[in-house]
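Me: I'd like a close look at one part of this model, the charged side chains and how they pair up. Could you start there and then walk me outward through the surroundings?

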Amino acid sequence: MMDSNHLKHQVKLAADELAGKLGETYDIAVVLGSGLVNFVNKMSSERVIPYAEIPGFPVSTVQGHASKLIVGTVGHHRVLCFAGRFHSYEGYDAAEITVPVRVARALGAQTALFTNAAGGIADNLHLGDLMIIEDHLNLLTSDSPLRGLSDELFGSKFVNMYSAYDAALVCLMNSVGKARSLPIASGVYAALSGPQFETKAEIRMLKAIGADAVGMSTVPEVIVANQEGMRVGGVSVITDLATETATALSHQQVLATAQKADGFLAELLTGVIEAL
């Protein structure tokens, strides 16, 4: 487990390096999930910085995650776009996973938009749908990004998650999606540690406890964004159907479906940011 001083040092190293290179502050952070890259093409005046060139930063090891930071503008907003994230199944602890969120906040970002590829559980979800996250079920109970951290360095560990996803942002995302005729839905996202996909019994359990979609990320980042006082929005791209009748499933299939829906996600994120 990473201790408070080490985490604080890593965040400061990364933020100082980026501030020196970029020389500007940013107001919105976007995190792109597996196979989701088209939003980058909506940014102007962009610069690309590989994660490997940012001191104190982890590096993504999963196919479909570009492992680079793209900075630029969308509308009148300056945006930090993290193309690639980190997961507990890669061997990172929850505090390491959330370093980009803390760095984004240190660089001025007050709004965070998280995206992921997820399995659709609810009967009304279809492949390629964009499920706006209204709430989540944190089933990553073996670790928390706040575990063991000093309240003096990071703020209270007892973060109020009752309204983890900003209601106004959820409303805006729905409005933009409908106005642009995008395949949107809304629901509850459940996070499991993975990397294996769910059994039929686990899918039945998830449906019974109120999950509409399931994935392996996002929740630790949302927790830290709330601790940092950021406005949070989230979107799950439904890349597979987590149903009892599903038989064949692979990471390659997930990436292929994500690629097909990626343009819709880019449209949604762009419209939301322009409207903020």
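Reply: Happy to. Let's begin with Glu228, which counts as partly exposed because its relative accessibility is 25%; buried means under 20% relative accessible area, exposed means over 50%, and partly exposed is in between, with a 1.4 Å probe and protein chains only. Before going on, a word on the model: it is predicted, so local features need pLDDT of at least 70 and side-chain atom pairs count only at pLDDT 80 or more, while totals for chains, interfaces and linings use all residues. Residues are numbered from 1 along each chain as its sequence is written, and side-chain values use heavy atoms, with hydrogens and water left out.

Side chains of opposite charge can pair when their charged atoms come close. Glu228 has such a partner: Arg102 forms a salt bridge with Glu228, and the closest N and O atoms are 3.0 Å apart. Arg102 sits in helix 3 (residues 99-106) and Glu228 in the loop between helix 7 (219-227) and strand 9 (231-241), so the pair ties together parts that are 126 residues apart in sequence. For the terms used here, a salt bridge is a side-chain nitrogen of Lys or Arg within 4 Å of a carboxyl oxygen of Asp or Glu, and helices (H or I, at least four residues) and strands (E, at least two) are DSSP runs numbered from the N terminus. Arg102 is buried, with a relative accessible area of 2%, whereas Glu228 is partly exposed.

Strand 9 also supplies a charged residue. Asp166 forms a salt bridge with Arg231, the closest N and O atoms being 3.2 Å apart. This pair, too, links distant parts of the chain: Asp166 is in the loop between helix 4 (151-154) and helix 5 (167-179), Arg231 is in strand 9, and the two are 65 residues apart. Both partners are partly exposed, Asp166 at 22% relative accessible area and Arg231 at 33%.

How many salt bridges does the structure hold? The count is twelve. Another of them joins Lys21 to Glu53, with 3.9 Å between the closest N and O atoms. Lys21 belongs to helix 1 (residues 4-22) and Glu53 to the loop between strand 2 (44-50) and strand 3 (68-74), so this pair links distant parts of the chain, 32 residues apart. Lys21 has a relative accessible area of 31% and is partly exposed; Glu53 is partly exposed as well, at 45%. Elsewhere, Lys42, Arg180, Glu267 and Glu274 are linked in a network of salt bridges.

The buried residues of helix 1 are Ser4, Leu7, Gln10, Val11, Ala14, Ala15, Leu18 and Leu22. They lie on the same side of helix 1 because they cover an arc of only 135° around the axis, the arc being that of the directions from the helix axis to the C-beta atoms. On the face turned away from that buried side are the exposed residues Asn5, Lys12 and Gly20.

Moving on to the strands, strand 4 (residues 77-83) is mostly covered, with six of its seven residues buried. Strand 1 (residues 28-32) pairs with strand 4 in the parallel sense over five bridges; two strands pair if DSSP finds at least two bridges between them. Within strand 4, Val79 stands opposite Ile28 and is also the bridge partner of Gly72. Strand 3 runs antiparallel to strand 4, and seven bridges join them. Their hairpin has two residues between the strands, and Gly75 there takes a positive phi near 60°.

Ile133 counts as buried, at 0% relative accessibility.

Finally, for contrast with the charged pairs, Leu139, Met205 and Ile209 form a nonpolar patch on the surface, with about 240 Å² of accessible area together. Patches are made of residues with over 30% relative accessible area and no salt bridge, joining like charges within 9 Å and nonpolar side chains (Val, Leu, Ile, Met, Phe, Trp, Tyr) within 5 Å; accessible areas come from the Shrake-Rupley method with a 1.4 Å probe, and for residues only the protein chains shown count as cover. Ile209 is in the loop between helix 6 (200-208) and strand 8 (213-215), and is partly exposed, with a relative accessible area of 42%.
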